[in-house]
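Subject: Structure handover

Hello,

Here is the structure you are taking over. Please open it next to this email and follow along.

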Amino acid sequence: MFFRQLATKEATLSYFFGCATYQVAVAIDPVLGDEDWFIEEARKQNVKITHVIDTHIHADHYSGGRALAKRCGGLYCLHENGVGRVKFDFESLRDGQRIDVGNVVVEVIHTPGHTPDSICLAVTDRRRGDAPWFVLTGDSMLVGAIGRPDLAGRERELAGELYDSLHRRILTLPAEIELYPGHTSGSACGAGISGKPVSTIGFEKRWNPMLSMERGAFVEALTKSIPPRPTEMDKMVAAHIAA
Ligand SMILES: [Fe+2]
């Protein structure tokens with residue numbers, strides 16, 4: 001498989017990976033204005049982008065997901081939780097769903113908390129092994145930090161859901177799995193994020209201070225440390241769900 005990570009605006013990380021043998025690829029969390037970069041990478045790899053996935057409805061930057069999907073003819077995908085709320089047709093993803101991308105398999109893990117529709121994507125390269133090699137965690141789990149519960153008014157409830165998502169789903173993955181987050185330091189999506197754009201499940205389990213807390217302490221700490229809301233947050237969310 002090939003794999004690219006793009007460090008872009010608002011300390012956001014986007015991903016582009018796929019299978020050169022079967023000439024197919026997926027784009028994850030593209031930022032508006034970066035569509036050309038994905039198209040150019042696809043051209044270099046000689047692949048077709050079959051799926052464009054947003055790990056959640058973003059509130060800190062404008063997504064380029066729909067624009068890119070339109071340009072490359074791929075399916076624009078969000079978690080099924082967006083059905084009804086999102087005013088346009090999209091490919092809805094459900095927990096446990098597996099997307100075949102040639103020799104690569106992308107498995108959807110629903111991890112509500114940062115937002116109700118947040119997903120993580122566990123990626124397997126069948127040429128290397130039958131189990132996932134890495135996980136894209138969106139804003140659910142960051143390097144050295146945890147994503148903020150993004151919905152004003154429901155912070156405590158969502159922080160509790162995030163604790164459950166982390167401990168029941170993400171941290172049950174094997175320690176050697178690489179973790180690729182949705183942001184690095186400088187993002188408003190979490191407090192205390194590392195500037196390093198990759199970690200492992202095992203390293204975070206050992207050293208991420210948020211992960212050694214009991215549920216109650218976690219909810220307290222996460223809701224106490226919420227960074228200021230991005231100024232255009234409501235406008236951004238509105239743009240992402242509008243027809
Ligand atoms: Fe986010």
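Predicted model: local features only at pLDDT ≥ 70, side-chain atom pairs only at ≥ 80, totals over all residues.

**The iron site**

Start with the iron ion. His-56 (NE2), His-114 (NE2) and Asp-139 (OD) coordinate the iron ion, at 2.0 to 2.3 Å. Read along the chain, the donors of the iron ion have the spacing H-x57-H-x24-D. Look at where two of them sit. His-56 is in the loop between β4 (48–53) and α2 (65–72), and Asp-139 is in the loop between β10 (134–138) and β11 (141–142). The pair therefore ties together parts that are 83 residues apart in sequence. Are His-56 and Asp-139 buried or exposed? Both are buried.

**The sheet**

Next, the strands. Six of them form an open sheet in the order β7-β8-β9-β10-β13-β14. The pairing in this sheet is mixed. β7 (98–101) and β14 (199–200) stand at the edges. Each has a single partner strand, so one side of each is left without a neighbour in the sheet.

Which way do β8 and β9 pair? Strand β8 (residues 104–110) and strand β9 (residues 119–125) are antiparallel, with seven bridges between them. To find this pairing on screen, go to His-110, which stands opposite Ile-119 in β9.

**Helix against helix**

Two helix pairs are worth a look.

Take α3 and α5. The axes of helix α3 (residues 155–168) and helix α5 (residues 215–224) come within 9 Å and cross at roughly 125°. Angles from 65 to 115 degrees count as roughly perpendicular and those over 145 as roughly antiparallel, so α3 is oblique to α5. Their crossing is right-handed. On the α3 side, the contact includes Glu-155, Arg-156, Ala-159, Tyr-163 and Leu-166.

Now α1 and α2. Their axes come within 10 Å and cross at roughly 40°. That makes α1 oblique to α2; angles under 35 degrees would count as roughly parallel. The crossing of α1 and α2 is right-handed. Glu-35, Asp-36, Phe-38 and Ile-39 of α1 make the contact with Ala-67, Leu-68, Arg-71 and Cys-72 of α2.

**Backbone points to check**

Which residues have a positive phi although they are not glycines? Glu-10 is one of them, with a phi of about 55°. Glu-10 lies in the loop between β1 (2–8) and β2 (12–19). Asp-29 is another, with a phi of about 50°. Asp-29 is found in the loop between β3 (24–28) and α1 (35–45). Its relative accessibility is 4%, and the cut-off for buried is under 20%. Asp-29 therefore counts as buried.

**One last residue**

Finish at Ala-238, in helix α6 (residues 233–241). Ala-238 has 40% relative accessibility, so it counts as partly exposed. How far is Ala-238 from Asn-46? The C-alpha atoms of Ala-238 and Asn-46 are separated by 35 Å. Along the chain, these two residues are 192 residues apart.

Over to you.

Best wishes

Methods: Residues numbered from 1 in each chain as written. Heavy atoms only, no water. Pairing = 2+ DSSP bridges. Helix = DSSP H or I, 4+ residues; strand = E, 2+ residues; numbered from the N terminus. Buried < 20%, exposed > 50% of the residue type's maximum accessible area, 1.4 Å probe, protein only. Donors = N, O, S within 2.8 Å, 3.2 Å for Na, K, Ca; no water. Axes fitted to C-alpha atoms, helices over the stretch in contact; angles between N-to-C directions. Left-handed = near helix turned anticlockwise from the far one by under 90°. Contact = heavy atoms within 4.5 Å.
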